[in-house]
Amino acid sequence: MYNSIRKTFAGLLGIMALSALSISFSVAGDGDWSWYHGNDNATHYSALDQINKGNVGNLNVAWLHQPGAIEQGLEATPLVIDGVMYYSSSYNRVFALDAATGKEIWHYYPDLDPIIDELFFTPYSRGVAVYNGNVYMGTLDGRVIALDQKTGKEVWTTQLVDTTKCACNFTSPPVMAGNTLMMGQTAGEYPIQGKIFGLDPNTGETKFSFNTIKDDPASWGGDSGKYGGGGSWMPGTYDPSTNTYFVGTSNPAPDYDWGADPAGPSKTGARPGDNLYTSSVLAMNPDNGDLKWYHQEIPHDDWDFDSTMGEFWLLDRGSKKLVVHQNKSGFVFVYNREDGAIENIWPMTEHHNWVKTIDPKTGELIGRNPPKLGNDFVSCPWIAGGRSWNAGAYDPERGLWYNSVAEACQITTVRKEDPVTEPIAQLFFGADLKAVPDLPNGEKAHGRLDARDPVSGDRKWSHKYKYVPIGPVVATKGGLVFQGQVDGTFRAFDSDSGQVLWSFEAGSGFRGGPISYLAGGKQYIATPSGIGSLVMGLYPAIWPEVADFPAGATMIAFTIK
């Protein structure tokens, strides 16, 4: 059944496509990687420098660990706390390893509802969260589970969504925000209403839920809000200085609206109105779920450029407390994190024809260019975004943000369809898609790793990839930037120049998050290897050889021997 659903959706797209937190955050230099985004500012930066520009050429494999399940590769970002690594793999398998040797301490394989074989968002898992002696994980069948950190035994389990009805689930780890465990569900591609949950971390009891579909007829004409999608499938970031949880929301459903209007939010079509709070940034009070402020980055999103992807990382410049975020649109948004005022908006892609630009002060979309019903519309960037979910990394010493870029386009052919919710929700998409090999300027589609000032967007250096990368980035105090590619090559770059200083061929590509940590007094670089991803269904139309890239799933740790 799972394969038939995937094949059906492949027909919709033309090719198959789609688009950990401890309250004791790691202190800079302490050697832990204690939650999904690494440090208290969520910058994917390690203050370790035993491995540096001078000796990175001597980096060697220290150990390997294989989780056994390789379908959809290995997408997790591992955590390391007090010398123990925690990570999850496909089918929500969780492992605790000795971070110095890779020796398994315990593992946990959940008993998942067979319904997961019928779901589109399965079987991958982006990781776990660790707090107060527990390891927390969202599951493919709609639960949140707490495991004992020392033994891996279940402490509690809570069913948050009815996956057998909504086809929604959890693919990313929760985030500990103050005293609340925050969790967002998948929803954007389904005719349902997505939610963000706040849980008691000790019991799993729901403290509140926030509906990302605003109850407002002006925002959702007719009964369109009933099928509005939304949700929030990636981890947000908690800012203790303002007691704020920053999180992005998913695209509205259907993803593509057959009543799109270049003048602004459609007044007809599938979902009249601006469709709040989809494709938005939310600043929430994690104590009660109240909204402090919001900004809808893409009002009436006609391109599936949801805001749930893209890390929120905290930056203090002068007297201003900033938060930097990007969505799939190819633009980066810089906000004052205290009141949501826009500080700047800048384009990270060179090819974006969905708008002429976005006003850098007001956020207004200037020159909207939505695909229209029945037309083959070449839209840039493609559905995977100017960058997908894979995080960049910010080096505070250099003031540079190392971020992936996708210069790729697609043919979008919008069509009408009806929402199906019984007996289980079905994909509600509204278009056929096909990636195209050529960019509007005649260049071939490609990927990049850019080093930029995050506020102004000024670029210092760039490394061009043949393939668009879907693996995250980690930067270190040793003057290094690490990233893996879909072809199985893992590289170390010079932070200042972009020169490749070291590389390793893993055999299968990279989509999970690399980290750096200290174990037994020694620095390690660890990365998940194993290609997969629904997004990879786009690639063969541009690079046919990608269809034959080997699958895999291996956690690899490197060190200087």
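Is Asp 453 buried or exposed? Asp 453 is buried, with a relative accessible area of 19% (buried means under 20% and exposed over 50%, with partly exposed in between, using a 1.4 Å probe and protein chains only). The views below come from a predicted model, in which local features need pLDDT of at least 70, side-chain atom pairs count only at pLDDT 80 or more, and totals for chains, interfaces and linings use all residues. Residues are numbered from 1 along each chain as its sequence is written, and side-chain values use heavy atoms, leaving out hydrogens and water.

**View A. Asp 453 and its surroundings.** Leaving aside residues up to four places away in sequence, Asp 453 touches Arg 317, Trp 346, Gly 399, Leu 400 and Asp 458 (contact: heavy atoms within 4.5 Å). Its side chain also reaches the backbone nitrogen of Val 455 at 2.9 Å.

**View B. The disulfide of Cys 166 and Cys 168.** The sulfur atoms of this pair lie 2.0 Å apart; a disulfide is a pair of cysteine sulfur atoms within 2.5 Å. With a torsion of about -85° about the S-S bond, the Cys 166 and Cys 168 disulfide is left-handed. Both Cys 166 and Cys 168 are buried.

**View C. The disulfide of Cys 380 and Cys 409.** In this pair the sulfur atoms are 2.1 Å apart, and the S-S torsion is about 105°, so the disulfide is right-handed. The bond links distant parts of the chain, 29 residues apart: Cys 380 in the loop between strand E25 (377-379) and strand E26 (393-395), and Cys 409 in strand E28 (residues 409-414).

Methods:
A polar contact is a pair of N or O atoms within 3.5 Å; within protein, one must be able to donate a hydrogen and the other to accept it, and residues adjacent in sequence count only if both atoms are side-chain atoms. Helices (H or I, at least four residues) and strands (E, at least two) are DSSP runs, numbered from the N terminus.
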